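Trainee: I am new to this one. Can we go through it in short steps?

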Amino acid sequence: MLILMLVAAAATVRLCPLVGAQPLCGNRLVRTGKARNVHKAVQGDLLTFPSTTTHLIKHPCRKHLALYLGKQVFFTNDNFGSSLLPFSIPTSMQVGVPEVTSALFAGSVLLLVINRKVYIYDYEANSWNTSIGIQHPVSHISGDNCCYSRSSFCLDVSNSVFAYMYGETASQANTYFSDSWGYQFQRFTFTNQENLVGSLGGIFYFHSLSQVGMLVTENGEAKFGYADHPLNRSFGLPFTHSGALDVLVAPGQKGVLILWDEKNLLVSQNAGQLVGAVAVKEGDQVLFASFSEVNVTIHSIAANENELAVLSKENHFYYGSLGVLSSSLIKLLDQNIWTQDTALMFDHPGILEVLTPVPDAADPAFDFQLCTMNIQEILMDPQLNVDVCKVELLEGEFEDKMYTIDMNSKLELSALMIPRPGTSPIPIVTVSNPHSLGLQVVTYEDGYTYDGNTKHRLNISLKQQQHWGRADPNFTSSIKQPTLSTVTLDIANKEISCVDLRPLTALISVGCDLEKKLVIQNEVSACSKGILDPVALQDNYTYVIERDYYDPHFLGQKAAEDLAVFYPYETLGCPRLVYYDTPWKPVVELWREGRFQEVISTEYVLLEVSGQFAYTYSLTAKEALCKSQPQNWSTVLGSTDNKGPYAWDRENYVSCHEPNDDAPLRWPEVPYEIMGGSTSNRIIFDQRNGIYVFTLSIVDPYYSYCHLRTTFSIYVYGAFPAPTFVPEATILLLMLSILLAVWLAYAVPKTLQPEAGAGIKGLWVGLLRRCKPPCACPRPAR
């Protein structure tokens, strides 16, 4: 009897914590619009999702948008805050079997793969479209969204979408790429795809690395390959798996991938280069080195920028953080929240929703049972044995912002960390793309708080990896190509209880600074000297270019007729004044955000927008010390589809000062048409006055990632009209006339009769005598 009582007491002690424990969440039922019968019957074909697991896809930027994939499919624009009809596609789309195998939010549209074709749902206009350009069946789509800003670089991330057939032979896989939100696709061929061995597990645009990555699986082993230098020389480290892998690209462009099937859970912090197992912990102790050792079946997962949650079919719930060094989970207290239709989603950082659709026999619309978890509150339960967060404050002005680092530029960021007294947390700064972005961090004590805690200041310096001088060229990416990277400040040994202490992340565009612009110096204008009237220039002023001086095709051939050109005074202002007989070179200034930066001395090219060619260049290829045949406008326009004045730019410019076996120096006497740089090249104008409107483009690929261009006008003056006759012929005729007159004065008297000749001679002598007295010069007095 005593033994039975002791056993019962022990059982009571063991069960008391569970009985007294707070539930993970409290259920509430979302039921709206049914009292007034506002829901109508479902129109079109009901969509289904053929999987034993559930997926809940949230728009990473527009948090109120989400798509639920389960036995039914639901689309919400209020974060499941109302009852919903099952999602359907109009019958007119003729999809056949309305089975969804993959879905993706791309900017302001929702893409779905239905019956092996890609369809576009514009939720703002409530309209459907079919993607064009895909010629083969596809099963999956992949993409990402950038939420840092509305800049063009960020928006381009959302534009990029891949479509592919999961499980195809990798070497023969038909993959498609779209840069238009999935509206139009084109065939994409992966680098050295024909040499790949295995099956296609997915293709992704890893914007955090500025790389296209392909997942290849073979015999239970998988690895990522990459398309561009420097990662295209080898694969990422292989990893094992047991089933068909789902790949979730965590939002935030930090390179975090979550790969999972029903038995495995893996995480990569660097876009697949290293893929590691997720450990399961209890406090600081590791219970299982890999989630596969837990021996549960994963039903649903959810992730945001920094957190991960897992629900198993065994009704176990796991929570963890996506740390910068490693990721781990802890098992929270059990609660009966699992059903076949249950899915997880993060509503806000630290706030998790457990969602279950609830059918209504009296209404076609489904209600939703929501169970809200406050993770921070749950982790305070002493039964979980979770350590207190060692950091009180981590802040920086750069959090969730986007910055640009142009060529040869530098960015300085600053952050503040305040640890708990008696602790020594280790701050760590990482970049997602170390092949293009390098950093240097300086940490120092920066005073104390009112309660005596030490403030730690971190100064972060960022610039192109190539300019730090510390990386091997085989490690760095091509400096000519713009790239993206994120920079993240986190705590290396951060406790899982630091739910509210989010890492500080900023997106860095190593590319064009859109605030830069070119300005052509205009100290003396034709208006200030009274040559042109600004009032007349603003009154629909036109000027004429003679047919002998322009070619509409920019090839230097004379036109068939004169050209009347309208002068756009509002954009060009008054033309700069240039004297025709002085070799001329514009003074090009770089401005940023309305402030002068420098006078540009790098290489640029000029072209008259109307095709005028009444000018040449002061240097030849030989005089410019070219080692290969230089480019000119004729060769550039002949080799590109762009025939306009901006056809020559930083992307197709080739310097002649480097040896080039494909273009040896064969014609050293041709004009050298590049200005700036190491040469003193200038423009020499023909003897013609008039207005010239030039476009100027910076072509040096190492000066800026921007296509720096501008348009300006000049007025060439001082040229006298060209003579009608050739000067040499006129001088020759004049000399011949003088010689003829002298000869006539000598020969005519001789040819006349002697008497007449004597009379003429006497006449000249008489005239001379009469002229002599008055012409006599007075002699100076002595």
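Trainee: Does Ile731 count as buried or exposed?
Mentor: This is a predicted model, so we reason from computed values. The cut-off for exposed is over 50% relative accessible area. Ile731 has 55% relative accessibility, so Ile731 counts as exposed.

Trainee: Which helix does Ile731 lie in, and which residues form a nonpolar patch on the surface with Ile731?
Mentor: The helix is α8, residues 727–751. The patch has about 500 Å² of accessible area together. Its members are Ile731, Leu734, Met735, Ile738 and Val742.

Trainee: Now the inside. How many residues does the largest nonpolar core have?
Mentor: Those with the most contacts inside this core include Leu462, Trp584 and Leu606. Leaving aside its neighbours within four places in sequence, Leu606 is in contact with several residues, among them Trp584, Trp633 and Phe694. The largest nonpolar core has 55 residues.

Trainee: How many residues are in the second, separate core?
Mentor: Leu196, Phe206, Val216 and Leu259 are included in this core. Its count is 29 residues.

Trainee: What kind of aromatic pair do Phe206 and Phe224 form?
Mentor: The centres are 5.9 Å apart and the planes are at 65°. Planes over 60 degrees apart count as edge-to-face. So the pair of Phe206 and Phe224 is edge-to-face.

Trainee: How many residues apart in sequence are the parts that this pair ties together?
Mentor: Phe206 lies in strand β15, and Phe224 lies in strand β17. Phe206 is buried at 4% relative accessible area, and Phe224 counts as buried at 0%. The parts tied together are 18 residues apart.

Key
Residues numbered from 1 in each chain as written. Predicted model: local features only at pLDDT ≥ 70, side-chain atom pairs only at ≥ 80, totals over all residues. Heavy atoms only, no water. Core = buried A, V, L, I, M, F, W, Y, C linked by side-chain atoms within 4.5 Å. Buried < 20%, exposed > 50% of the residue type's maximum accessible area, 1.4 Å probe, protein only. Contact = heavy atoms within 4.5 Å. Patch = residues over 30% accessible without salt bridge, like charges linked within 9 Å, V, L, I, M, F, W, Y side chains within 5 Å. Areas by Shrake-Rupley, 256 points an atom, 1.4 Å probe, with all protein chains shown as cover. Salt bridge = Lys/Arg side-chain N within 4 Å of Asp/Glu carboxyl O. Helix = DSSP H or I, 4+ residues; strand = E, 2+ residues; numbered from the N terminus. Phe/Tyr/Trp six-rings, centres within 6.5 Å; stacked < 30°, edge-to-face > 60°.
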